[in-house]
Amino acid sequence: MGNSRKHENAGYGNPLIVSYSYSGNTHRIAQEIQAMLKCDWCEIYPWQPYPMAFTELLEQVRKEIRTGYYPRLLPGSRSPYSCRIILAGSPNWCGSIAPPLASWLYRNDLSGKIILPFCSHCGGVEADFRREIARLCPRADVRETLEVVGDGGEGLREMLRQWLVRTGIWEEAAMGIV
């Protein structure tokens, strides 16, 4: 019997990682979480890719965040409804969640779910992902955000383990009930 089946039989469903990555840093963090928790991972992509030129990217992102724009996403994201725990990752863009992740959160009812936010950043504007996600998902249990500089380097695995312990997920993972 596979790991997913064990979680489903326990009534919890398999945890789900949902992430958007522009440069690859958030992708690496999500990849490491998946390896540690042996859970499903859904990468989300905007219908219209972001510009590669930094100044154009920054201009578009600032406008989307300022106007509360939720971009259309490519189809194929996994449904979160059978999951109790959602690990939601994004780059920190201008002190905010990247619009593709905000769009996914906005379009899914995550009432009663535990949400663990994580982000990659380059030391720019500080963000409050926990508050932003709680606004988008008011009936979810949004826990501590993990902020990782770049892709976390060699200390990423230990940083993730400590975060999962602080949020109460690591013991559940060890017991096979996440």
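I started with Arg 131 in this predicted model: at 52% relative accessibility, Arg 131 counts as exposed. Its side chain meets that of Asp 128 in a salt bridge, 3.5 Å from N to O. I looked up Asp 128 as well, and at 35% it is partly exposed.

Next I wanted the wider tally. How many salt bridges does a search of the whole structure find? The search gives six.

I then picked out Arg 157, which forms a salt bridge with Glu 32, the closest N and O atoms being 2.7 Å apart. This pair links distant parts of the chain, 125 residues apart: Arg 157 sits in helix α6 (residues 156-166) and Glu 32 in helix α2 (residues 25-37). Buried or exposed, I asked of Glu 32? At 17% relative accessibility, Glu 32 is buried, because the cut-off for that label is under 20%. Arg 157 is partly exposed at 42%.

Glu 144 lies in the loop between β6 (141-142) and β7 (146-149), so the pair ties together parts 22 residues apart in sequence. Both Arg 166, at 47%, and Glu 144, at 28%, are partly exposed.

Last, I turned to strand β3 (residues 85-93), where nine of nine residues are buried. I found β1 (residues 16-19) running parallel to β3 with four bridges, and Leu 16 has Ile 86 as its bridge partner. Strand β5 (residues 114-121) is also parallel to β3, joined by seven bridges, with Pro 91 opposite Ser 120. Strand β4 (residues 96-97) runs antiparallel to β3, with two bridges. In that hairpin, Cys 94 takes a positive phi near 55 degrees.

Methods
Residues are numbered from 1 along each chain as its sequence is written. This is a predicted model: local features need pLDDT of at least 70, side-chain atom pairs count only at pLDDT 80 or more; totals for chains, interfaces and linings use all residues. Side-chain values use heavy atoms; hydrogens and water are left out. Buried means under 20% relative accessible area, exposed over 50%, partly exposed in between (1.4 Å probe, protein chains only). Two strands pair if DSSP finds at least two bridges between them. A salt bridge is a side-chain nitrogen of Lys or Arg within 4 Å of a carboxyl oxygen of Asp or Glu.
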